[in-house]
Amino acid sequence: PPVPLKDFQNVEYVADVDIGTPPQSFTLVMDTGSANIWVPNTACNDPGCSNMHKFDQSNSSTFKGSSTTFSIQYGTGSCSGTLAKDSIEINKDGKFITAQGFGEATTVAAFFEMTNIDGIFGLGLDSLAAEHVL
């Protein structure tokens with residue numbers, strides 16, 4: 001079935017995404033120009049993540065962390081942190097993707113402070129993925 005998206009000023013399209021067990025809710029921009037999923041985690045204290053919901057890995061029974069780092073550069077700024085895996089659900093449809101790779105951002109560019117999103121859900125080609133995580 002199609003995923004209902006929210007149109008924000010015809011500039012970006014966002015979706016409700018739940019990560020973890022029990023689910024933690026985030027509003028992510030659906031981005032065709034990148035291929036990674038990331039949200040800030042509780043260690044992010046940058047101004048860029050000050051208005052974002054933050055992922056708390058200690059509250060998820062399905063979380064699998066790693067020591068692998070990632071860094072993504074966008075035209076408007078960057079983010080970096082560590083890679084992880086957890087269950088992800090889009091738009092509360094009851095269907096979870098288990099052990100989905102995503103980034104837990106600990107550093108987020110100041111640009112994101114002015115947005116209405118909690119992170120990015122990359123829909124781009126594999127070749128665009130940082131650290132080859134999709």
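Is D16 buried, exposed or partly exposed? D16 is partly exposed, because its relative accessible area is 25%, and partly exposed means between the cut-offs for buried (under 20%) and exposed (over 50%), using a 1.4 Å probe and protein chains only.

Some ground rules. This is a predicted model, in which local features need pLDDT of at least 70 and side-chain atom pairs count only at pLDDT 80 or more, while totals for chains, interfaces and linings use all residues. Residues are numbered from 1 along each chain as its sequence is written, and side-chain values use heavy atoms, with hydrogens and water left out.

Back to D16. Its side chain meets that of K6 in a salt bridge, at 2.9 Å from N to O. The term means a side-chain nitrogen of Lys or Arg within 4 Å of a carboxyl oxygen of Asp or Glu. The pair links distant parts of the chain, 10 residues apart: D16 sits in strand 2 (residues 12–19) and K6 in strand 1. Strands here are DSSP runs of E, at least two residues, numbered from the N terminus. K6 counts as partly exposed because its relative accessibility is 42%. The structure holds one salt bridge.

Now the inside. A nonpolar core is a set of buried Ala, Val, Leu, Ile, Met, Phe, Trp, Tyr and Cys residues joined through side-chain atoms within 4.5 Å. The largest one has 18 residues, and W38, C79, V108 and F112 have the most contacts inside it. Strand 5 gives the largest share, three residues. A second, separate core has 15 residues, including A15 and F102.

Methods:
Helix = DSSP H or I, 4+ residues; strand = E, 2+ residues; numbered from the N terminus.
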